[in-house]
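Okay, hi everyone, thanks for coming.

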Amino acid sequence: MAASVNTQSSHGHEAVPATAGISPEAAQAVLGSLDREVARHLALTLGHDDSEFAPEYLYRALATAVRDRLIRDWRTTHKRFATSDQKKVYYLSLEFLIGRSLTNAIANLDLDKDTQAALHDYGVTLEELAEQEHDAGLGNGGLGRLAACFLDSCANLQLPVVGYGLRYEYGMFHQQIDNGEQVESPDHWLRDGNPWELDRSENARRVHFYGHTEHYRDQDGLPRVRWANGNDVLAIPFDMPVPGYRNGTVNSLRLWKACATDEFDLEEFNAGSYPEAVAAKNQAEQITMVLYPNDASENGKELRLKQQYFLVSASLQDVIAQWVAKHGEDFTGFGESNCFQLNDTHPACAVPELMRLLMDEHGLSWGDSWNITTQCMAYTNHTLLPEALERWSVGLFSRLLPRLLEIIYEINSRFLAQIAERFPNDPGILSRMSLVEDGEHPHIRMAYLAIVGSFSVNGVAGLHTELLKQGLFGDFNTLWPEKFNNKTNGVTQRRWLAHCNPGLRELLNETIGDRWQKDLSQISELAPYAEQSAFRDKWRAVKQSNKRRLIQLVARETGVQFSESAMFDVQVKRIHEYKRQLLNVLHAIHLYDRILEGKTDGMVPRCILIGGKAAPGYHVAKLIVHLINNVSQVINSDTRASELLKVVFLPNYRVSAMEVICPAAELSEQISTAGKEASGTGNMKFMMNGALTIGTLDGANIEIREQAGDENFFLFGLNAAEVAETRKNYQPNEIIANDPEITRVMQMLEGGMFNGSQPGVFSMLTAGLRNPYDPWLTIADLRSFIDAQERVNDVYLDQDRWNTMSILNTAASGWFSSDRTISQYANEIWNVKPFGQA
């Protein structure tokens, strides 16, 4: 097994993977063929012979053998990172939804054939063995999956970037459906260990909480502050490899686990106080126990803030330790040599924490510390919902992070003085832009803190960025227009096309070559083949094969049997009112009503699949899940609908499920209220795999439509400007009353057809639909949505036309590679070059 060797002096930072006493090259030379290494790990590492073992042990043997092959390049990449003077980037994110690592590593190391050969004698395929790996519970949705795609692209582009996150013991939750309702159970993804991580306990950091501050003068008479009498928690790092695509680069994702400084109080134990003996351990470990604890309670809010501060403090200390090991206490050039990218508002504590570390721990002045901080912090915003921006009460901050609160107050004081001087004739601007929201219970506006402390603020789609500049952050854009920029999101084609859709990968490779796997812009060469009938037939055959895989998944997890000849209509994403799964359900009810009325001429058989998790404390979202399941139960049990319509809610939506869903989807539902979705990335994955989009002019849908062409996109609904205008005099009840089809849908919904044994269970949802102040304007867009779905139906009847549009969507997807996005970050924000380039 690989051991840890500290390559820095005792005050340094990094330990890197190595075989004790041997160079990495010599260690790699010791490795036998992959089949021999699998057998060796099965026998010697895990203690099993090759005649009797459970599949999970063969998975662990293969994973360890593949990881061994990453070690040399991982060491080499780390050495370049540690010794180079070139600028480096640190990506701070509370989520990294990386999915499964085995198949990704095998593809990136070009070990597919070796793996097949190694598994042959065991009578198992890689696809079967990959099911033994738990999806890493390190994220929830698009934010975490984006972060994982970004790290993949950084490694592919050989950029010096390290990811920093939290090593959650449990993922968000395992979603089950009981009597139609979401039930959450623990997702203990680490219960069998994680063969991909390396424990780096020797690089643990201490993180402070609680206590108070003490102001004093140092030996030179300068005013200083110390954080005293707090409770310290240890941050233990675990490193995971991030391999580039067949290029010898293996970057790192460092994940922090929270541990008590003293795990066990023997005196308490001997006194018979057994719970008290481990109280400190339990309290510390809560920080990284669960992704996104429910923050409906004060305890939940405190734990969320603890998580955010724990991440940034441990990570910043880590980077500073590297700097000090190489440069001593001279921080000249630190700002030019390092960049911290804050993935959404969660890591905003990085701004005052870097100030604290530089001033209190390393003796820098306020001015020097602020110059460094504002030179190396960059902030990505991912939401247009004001309620989703982080706000923490001053009382909580004062109790939990007293030193940071002092620094935030000072930042705010200096900032407001600047604003007063710049805008003397706008009396309301100070309260609008203050980092501290006044009132009976004042709060810290974390997004504002991130903006003030960063040199760059970017949105993640063209419309999103413009709406930030015009609305949510309008005053800041007036003050600092040069800070604001757009970086439209992207996804990695290696995971979301080459890996998850092997049939399409092979068809693309034989048609246009394989360069698209490293440079997705090359996929545009596919467009001319859309006019070739023989190629369209091959394209359709790949899609049908993928549909058969999804049919198996749906049947296994729900018991519902989809038909291969039906259109696969898919909406999978986090359950939220603005994403409008409710609009999708209303359309499903409309189709069911048509069937009951006998109005089925020309109706295409359709299988509607919806998936996603509702936050445990989000009652309305959980009610939507309940409604979807009840509607599906009614429709799927009605023999009158069996040939034309199926509706399924796929429980426990996750990365590995999306890898089956995405290649099979034919219609991609991207139906959020215009002006609410920042970008979306599922829309890009579906487009790459040839699904056609039905969507509003929201988020990255706008750019998808621009790239694919208006004629290859099913547009419906109000645009953002029309949404704002409609809200002034919205009359949903009038719309319902004047549209007979919508009236019937509401009568079915309100009449109890889908209530089961719970009368009035969905009255909150129907009242919301009829509410003139409904912010999601679902009824306003329903008629347009129904009409657009009719156009979808008509095009699907012409399979040549549908497949032509499908091919052209894939051919136009090059812009949505995360390689393009990361290249823009590297060139326009980070100013960082690939390894070895000046």
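Let's start with the radius of gyration, which is taken here over C-alpha atoms, and the globule rule that goes with it is 2.2 Å times the number of residues to the power 0.38. For 838 residues, a compact globule would come out near 28 Å, and this protein has 27 Å, so the two agree.

Before I go on, this is a predicted model: local features need pLDDT of at least 70, side-chain atom pairs count only at pLDDT 80 or more, and totals for chains, interfaces and linings use all residues. Residues are numbered from 1 along each chain as its sequence is written, and side-chain values use heavy atoms, with hydrogens and water left out.

Along the principal axes, the C-alpha atoms fill a box of roughly 90 × 75 × 60 Å. How much of the protein is buried, meaning under 20% relative accessible area with a 1.4 Å probe, protein chains only? Buried residues are 59% of the 838. You'll also see 35 helices and 25 strands; these are DSSP runs, with helices being H or I of at least four residues and strands E of at least two, numbered from the N terminus.

Now, aromatic rings. Rings of Phe, Tyr and Trp (its six-membered ring) pair if their centres lie within 6.5 Å, and planes under 30 degrees apart count as stacked, over 60 as edge-to-face, and the rest as tilted. Searching the whole structure gives 24 aromatic pairs. One of them is Phe415 with Phe476, which is stacked, at 6.0 Å centre to centre and 5° between the planes. Phe415 is in helix H16 (residues 402-422) and Phe476 in helix H20 (residues 474-479), so this pair ties together parts that are 61 residues apart in sequence. Both Phe415 and Phe476 are buried.

There's a cluster too: ring pairs link Phe81, Tyr90, Tyr164, Trp256, Trp323, Phe331, Phe334 and Phe340. Over the ring of Phe81 sits the charged end of Lys88, 5.5 Å from the centre. For that, NZ of Lys or CZ of Arg has to be within 6 Å of the ring centre and within 35 degrees of the ring normal.

Last topic: cysteines. How many disulfides are there? The search finds 0, where a disulfide is a pair of cysteine sulfur atoms within 2.5 Å. Take Cys662: its closest cysteine sulfur, in Cys500, is 5.0 Å away, too far for a bond. Cys662 is buried, at 0% relative accessible area.

Methods
Buried < 20%, exposed > 50% of the residue type's maximum accessible area, 1.4 Å probe, protein only.
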